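Open the model in your viewer and keep the selection panel at hand. The stops below say what to select next and what is there.

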Amino acid sequence: MANNASARKRVRQHERNRLRNRTARSRLRTEVKGFRAAIAANDQEKAGLLLKSACALLDKTAQKGIIHRNAAARTKSRLAHAHAQMVAAASS
């Protein structure tokens with residue numbers, strides 16, 4: 001355990017930040033899961049809206065350092081690709 005005041009303060013800060021980051025990551029995962037459910041249900045309109053909000057949330061969490069920016073970019077790319085495939089399959 002921490003032996004001085006500054007170390008104890010850092011422990012409190014880490015715990016507070018851990019909880020904040022966990023909330024943000026959970027919200028992000030829920031948003032992505034909703035998008036994937038819309039893709040599975042073949043709901044183009046809902047998937048389009050959820051793609052936009054998921055990408056915005058990915059950018060926001062990457063900007064705050066909760067997830068790595070390359071991980072955010074990779075996830076956005078995969079979501080956009082899945083949406084494009086769904087739209088292409090529906091149009092043909």
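The model is predicted, with local features needing pLDDT of at least 70, side-chain atom pairs counting only at pLDDT 80 or more, and totals for chains, interfaces and linings using all residues. Residues are numbered from 1 along each chain as its sequence is written, and side-chain values use heavy atoms, with hydrogens and water left out.

**Helix 1**

Select residues 5-40, which form helix 1. Helices here are DSSP runs (H or I, at least four residues), numbered from the N terminus. Helix 1 has 36 residues and spans 52 Å from first C-alpha to last, close to the 52 Å expected at 1.5 Å a residue; the expected span is 1.5 Å times one less than the number of residues.

Within helix 1, show the side chains of Gln13, Ala24, Leu28, Val32, Phe35 and Ala38, which are buried. Buried means under 20% relative accessible area, exposed over 50%, and partly exposed in between (1.4 Å probe, protein chains only). Helix 2 and helix 3 are what these buried residues of helix 1 pack against, where contact means heavy atoms within 4.5 Å.

Next pick Glu15 and Arg18, whose side chains meet in a salt bridge at 2.8 Å, N to O. The term requires a side-chain nitrogen of Lys or Arg within 4 Å of a carboxyl oxygen of Asp or Glu. Both residues lie in helix 1, 3 residues apart, about one turn of the helix. Glu15 is partly exposed at 36% relative accessibility, and Arg18 is partly exposed at 40%.

Then select Arg22, also in helix 1, partly exposed with a relative accessible area of 48%. Draw a C-alpha to C-alpha distance from Arg22 to Ile66: the two are 8.7 Å apart in space and 44 residues apart in sequence.

**Either end of helix 1**

Go to Ala2, in the segment before helix 1. Ala2 counts as buried, at 17% relative accessibility. Not counting residues up to four places away in sequence, Ala2 touches Ala7, Arg8 and Val11.

What is the phi of Asn42? The value is near 60°, positive in a residue other than glycine. Most residues other than glycine have a negative phi.

Select residues 69-91, helix 3. Helix 3 has 23 residues and reaches 33 Å from its first C-alpha to its last, close to the 33 Å expected at 1.5 Å a residue. Its buried residues are Ala72, Leu79, His83 and Met86, and their cover includes helix 1 and helix 2.

Now show Asp59 and Lys76, whose side chains form a salt bridge at 2.7 Å, N to O. Asp59 lies in helix 2 and Lys76 in helix 3, so the pair ties together parts that are 17 residues apart in sequence. Asp59 is partly exposed at 38% relative accessible area, and Lys76 is partly exposed at 24%. The salt-bridge count for the model is 2.

**The two pockets**

A pocket is an open set of points on a 1 Å grid over the protein atoms alone where a 1.4 Å probe fits, with protein on both sides within 12 Å along at least five of seven lines; lining residues have an atom within 4 Å of a point. Grid points are joined across faces, edges and corners, and a volume is the space filled by probe spheres set on the points.

For the largest pocket, select Arg25, Leu28, Arg29, Val32, Arg36, Leu58, Ile67, Ala71, Arg74, Thr75 and Arg78. Its volume is about 230 Å³. Helix 1 supplies the largest share of this lining, 5 residues. By type, the lining divides into 5 nonpolar, 1 polar and 5 charged residues.

For the second largest pocket, about 170 Å³ in volume, select Arg20, Asn21, Ala24, Arg27, Leu57, Lys60, Thr61, Lys64 and Ile66. Helix 1 and helix 2 (44-63) each give two or more residues to this lining; helix 1 gives the most, with 4. The lining of the second largest pocket holds 3 nonpolar, 2 polar and 4 charged residues.

Technical notes: Ala, Val, Leu, Ile, Met, Phe, Trp, Tyr, Cys and Pro count as nonpolar, Asp, Glu, Lys and Arg as charged, and the others, Gly among them, as polar.
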